[in-house]
Amino acid sequence: QVQLVESGGGSVQAGGSLRLSCAASGRTFNAYIMGWFRQAPGKEREFVAAITRSGANTNYTDSVKGRFTISRDNAKNTVYLQMNSLKAEDTAVYYCAAKRLGHSMTRVLDYDYWGQGTQVTVSS
């Protein structure tokens, strides 16, 4: 079992930055692929970014490429999402998620564990 707790959400002006953190319980954090998803009101939860177990490979949805950076610190059991140049369209609840099995990183159903979410609001 993995428990995930997001933090770092809040309100920011367009063009600003936020850094989200996701702290994971357990002693095998480095065995999990970690992802970030977001869900805006009235929309489906969508993939944002993912990072492999070693941290060597990352994957981003097109709309955040060049603006968001996912990273992980396995010693701290934490994954981060650095969000720069934020836009109003980025407003959503952001969730971190962990997966152990499977070969895909971009689908909600691929992930086994989810955090409670943290609200990000970008005003323009």
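User: Is N77 buried or exposed?
Analyst: This is a predicted model. N77 lies in the loop between β7 (68–73) and β8 (78–83). The cut-off for buried is under 20% relative accessible area. N77 has 16%, so N77 counts as buried.

User: What is the phi of N77?
Analyst: N77 is not a glycine.

User: Where is S85, and what is its phi?
Analyst: S85 sits in the loop between β8 and β9. S85 is a residue other than glycine, yet its phi is positive. The value is near 50°.

User: How does S85 count in terms of relative accessibility?
Analyst: Buried is under 20% and exposed is over 50%. S85 has 40% relative accessibility, so S85 falls in between and counts as partly exposed.

User: Is D110 buried or exposed?
Analyst: D110 is in the loop between β9 (92–99) and β10 (113–114). Its relative accessible area is 11%. The limit for buried is under 20%, so D110 is buried.

User: Which side chain joins that of D110 in a polar contact?
Analyst: Leave aside the neighbours of D110 within four places in sequence. D110 is then in contact with K99, L101, S104 and M105. The polar contact between side chains has a distance of 2.6 Å. The partner of D110 in this polar contact is S104.

Conventions:
Residues are numbered from 1 along each chain as its sequence is written. This is a predicted model: local features need pLDDT of at least 70, side-chain atom pairs count only at pLDDT 80 or more; totals for chains, interfaces and linings use all residues. Side-chain values use heavy atoms; hydrogens and water are left out. Helices (H or I, at least four residues) and strands (E, at least two) are DSSP runs, numbered from the N terminus. Buried means under 20% relative accessible area, exposed over 50%, partly exposed in between (1.4 Å probe, protein chains only). A polar contact is a pair of N or O atoms within 3.5 Å; within protein, one must be able to donate a hydrogen and the other to accept it, and residues adjacent in sequence count only if both atoms are side-chain atoms. Contact means heavy atoms within 4.5 Å.
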